[in-house]
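Subject: Structure handover

Hello,

Here is the structure I promised to pass on. Please open it first, then read my notes below.

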Amino acid sequence: MFNSQLDMNGSDMSEQRASSLEESQKSIGYIVGGGLKANLQARLTVPAQRVQEGAFVVVESGNWLFYGLVTDMQLGSTDPRFADEQTETRLPPQLAKLLHGQTLYTNLEVMAALMMEQGPDIDEDPEAYQAWFQKVMEEQIRPEPVKTVPQHHAEVRLAHAGDIAEIFGKEGEKAFFRIGDTIEGGHPVCVNLDKLVQRSSGIFGATGTGKSFLTRVILAGLIKRDKTAVLIFDMHNEYGPDDTASDTGMRVPGLKGKFPSKVRMVGLGRGATIRGKTPDYTLEIAESDIKPEDVMMLAQELNLRETTPTTLEALRASFHEAWFHEFKQMRTNTYNFDEDGKRVPAPDSVEAWANGAGVHPGAAEALHSKLRRLFNAPYIVEQPAANALQQMIDNLDNGQHVVLSFGKHETDLDYLFVSNLLTRRIRDVWEHRTNNFRSGHQGATEPRPLVIVVEEAHKLLNREMASQTTFSTIAREMRKYYVTLLIIDQRPSQIYDEVMSQLGTRITGWLGDSDDIQSVLTGLASRDALRGMLAHLQPKEEVLMLGWGVPMPIVVHSRRYDDTFWDELLEKKDRRSNSDILKDIGF
Amino acid sequence: MSEIEIGRLLRSSTTGFVVGCKVNQLNAPSFGAMVRVPLEAQYQVYGVIYDIHIEDDGLVRQLITAQDVPEEVLKDNRENRNVPVEIGVLALGYEHGRRIFHLLPPRPPLSLDAIFLCSPGEVASFTGEGRFGYFRHILGDQDKPIEELLAAHLRQARGAQVDAGNEAWYQQAVGELITLMRDDYQGLIKILSAVSEI
């Protein structure tokens with residue numbers, strides 16, 4: 001598309017634009033029924049193939065414009081016999097065509113989402129038009145939820161770029177960031193980045209639907225926008241460093257390469273390398289930072305018993321903050337002999353402590369052995385070489401963004417443990433600052449909004465875990481403490497309903513499983529109408545955006561994450577690829 | 001204006017009339033053709049021929065049963081009949097003050113009024129007026145062979161319209177028929193299969 005436009009001269013382009021505008025102005029049908037509860041019904045007057053499910057349509061009724069989505073298409077006939085009989089075999093083609101044109105039809109089901117008052121004709125009443133325009137500029141007239149219905153026979157047409165911009169915002173203005181294009185017409189659809197991060201949001205889609213590319217696009221937009229800090233838990237080391245796409249084998253630029261000064265790469269554990277590169281700094285976790293809750297959260301992963309909370313509580317009572325260190329140092333199955341020659345547990349053994357603390361020795365020993373995986377984790381040290389956690393917080397404060405790469409520590413245990421512990425610590429800092437700011441402490445500044453990006457979110461937000469992790473708290477409290485989540489997952493049905501229902505914006509690619517589809521639509525009013533649309537998405541690069549962050553649901557052909565994207569984002573518009581230049585010279 | 005007189009009025013009513021004509025006039029009218037009856041200045045009634053009826057009389061019966069009737073006698077009796085040929089006409093509308101109405105005429109023609117065949121130009125201007133309102137009168141009369149009548153009428157009118165440069169008329173007419181008849185599947189299919197033979 002871009003190349004072909006380059007080859008055209010200016011007048012061809014404007015002609016093409018004019019004809020595409022004319023095309024979209026044409027009516028595709030008229031309203032024949034429906035209501036506020038049921039969707040609107042429109043009789044299609046153009047061949048059905050020109051309209052698809054999910055198409056964005058505009059209904060013009062008097063002074064009002066209604067914006068809606070095509071959620072279903074039905075074949076109908078004035079009499080069932082006209083549909084049953086193959087009259088084209090009995091009548092000459094011309095007659096059959098006339099007959100079918102009048103007796104067979106397609107009805108569109110249109111889910112009207114928004115309506116807006118339309119201005120008077122500028123030629124007829126320039127003064128009234130100016131007054132209306134002024135109101136639009138002052139945002140007194142805005143698209144609002146549908147509260148009435150269009151008239152019978154109101155014209156239905158496909159939306160043009162202006163309609164989409166009216167609803168979703170114009171690219172480049174304020175916080176509007178183009179996330180893709182409409183399926184019909186290919187008009188740019190924007191998302192308001194500032195609004196997107198005001199509540200937690202989710203990106204869903206089965207494997208291979210382009211989730212991580214879309215996430216990169218959004219993250220790049222957020223980093224460019226520079227209003228929020230982003231912390232990415234990069235479990236598979238794909239967001240920071242440059243990568244190679246698993247399906248096409250193409251090079252995929254990482255965020256670090258494109259924003260070298262804004263993005264800090266952090267490795268987990270001393271001496272960590274990420275895809276052969278040294279990170280900006282490494283993170284180690286101090287043993288004293290670990291709380292019993294952090295261990296409890298791993299109950300499923302470590303297969304902990306019911307006695308664990310009691311044992312942990314006793315450990316904390318005995319050793320306070322140093323409980324993890326002390327417990328790690330204890331030995332098991334070591335005995336001494338007392339004066340009477342009787343075998344007693346060695347003083348530095350688990351059993352000796354258990355006896356002293358009134359805990360069942362068997363339970364304590366079992367816990368000790370189950371925590372061995374944590375004791376052996378190289379990134380948990382007694383005294384970290386540097387306070388990397390503080391450094392991360394400082395980075396996030398200073399307008400930088402942090403990608404925590406897990407490097408070779410890719411197990412679920414590492415991911416769950418580290419991401420939860422860090423998030424808890426960071427959120428505490430933000431909560432503290434928010435409280436200071438709100439209570440008007442001297443020198444307290446408004447905290448910088450923080451977005452925490454979590455991959456494989458169902459591991460942290462499933463039914464069992466949701467009550468224990470910090471993530472569900474963040475999802476629930478929205479933006480109260482200036483921290484929100486961006487969760488990325490392929491199995492939304494595994495995420496706890498209560499968390500799902502709190503998600504503001506949902507962007508979802510194709511999902512195969514009906515449970516997943518169901519859960520993505522949790523808490524939405526129009527889920528029945530949207531279910532079909534979601535089930536029929538193209539498996540690649542088509543996403544449905546819905547929820548609080550977008551004015552109305554819409555199917556979008558998502559923006560490609562490629563060199564053109566980066567050139568546009570970083571405004572290197574005059575840069576052209578070698579192949580284009582060669583083509584122009586005539587090779 | 002066509003001056004082909006096809007006969008004179010035998011009897012009439014608001015919805016139609018019967019024309020009597022001589023045998024030597026019979027080569028002009030045909031089933032489905034349009035006729036007009038000028039009544040007074042700037043007022044004439046239009047109709048379409050739905051029936052051509054030839055009655056027997058006593059002499060014809062005798063001649064059929066008689067032996068060895070000379071050829072001249074047969075010819076004389078065919079051409080000079082006591083009973084006229086009867087042509088049934090369905091009223092479709094009227095013209096008054098140069099305006100065409102697809103409504104039933106305010107008053108029917110009187111006995112012995114002369115009936116003329118419409119010229120192609122008159123057919124084109126009558127059928128091209130408005131949106132086929134005269135179809136109402138044809139479709140409403142279920143006793144008549146409306147499928148055949150419509151097919152014959154459309155064939156003749158199409159020719160007149162094409163001559164007048166209105167190529168799209170035929171499609172519009174069929175479209176209108178389908179719209180009017182689409183609730184009556186059987187009736188519409190009958191009409192379309194008759195029309196498809198044009």
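Which residues touch the most other members of the largest nonpolar core? They are A:Val57, A:Val110, A:Val453 and A:Val454, in a core of 147 residues. A nonpolar core here is a set of buried Ala, Val, Leu, Ile, Met, Phe, Trp, Tyr and Cys residues joined through C-beta atoms within 7 Å. Buried means that 20 or more other C-beta atoms lie within 10 Å of the residue's own; 12 or fewer means exposed, and anything in between partly exposed, with C-beta atoms placed from the backbone. Helix α18 (residues 412-438) of chain A gives this core its largest share, eight residues. Helices (H or I, at least four residues) and strands (E, at least two) are DSSP runs, numbered from the N terminus.

Some ground rules. This is a predicted model: local features need pLDDT of at least 70, side-chain atom pairs count only at pLDDT 80 or more, and totals for chains, interfaces and linings use all residues. Residues are numbered from 1 along each chain as its sequence is written, while chains are lettered from A and ligands numbered from 1 in the order in which they are written.

Back to A:Val57. Leaving out residues up to four places away in sequence, A:Val57 touches A:Gly68, A:Val70, A:Val110, A:Val156, A:Arg157, A:Leu158 and A:Ala159. Contact means C-beta atoms, placed from the backbone, within 7 Å.

Next, helix α8 (residues 211-225) of chain A. Twelve of its 15 residues are buried, so the rest of the structure largely encloses α8(A). Among the buried ones are A:Lys211, A:Arg216 and A:Leu222. A:Asp226 follows α8(A), with a positive phi near 65°.

Chain A has three parts: domain 1 (2-159), domain 2 (191-284 + 384-569) and domain 3 (289-375). These bounds come from an automatic or database domain assignment. The C-alpha centres of domains 1 and 3 of chain A are 70 Å apart.

Chain B has seven helices and seven strands. Of its 198 residues, 33% count as buried. Its C-alpha atoms fill a box of roughly 55 × 40 × 30 Å along the principal axes.

Finally, the interface. Twelve residues of chain B contact twelve of chain A. On the chain B side, α6 (169-181) and α7 (185-195) each give two or more residues.

Best wishes

Definitions and conventions: Contact = placed C-beta atoms within 7 Å.
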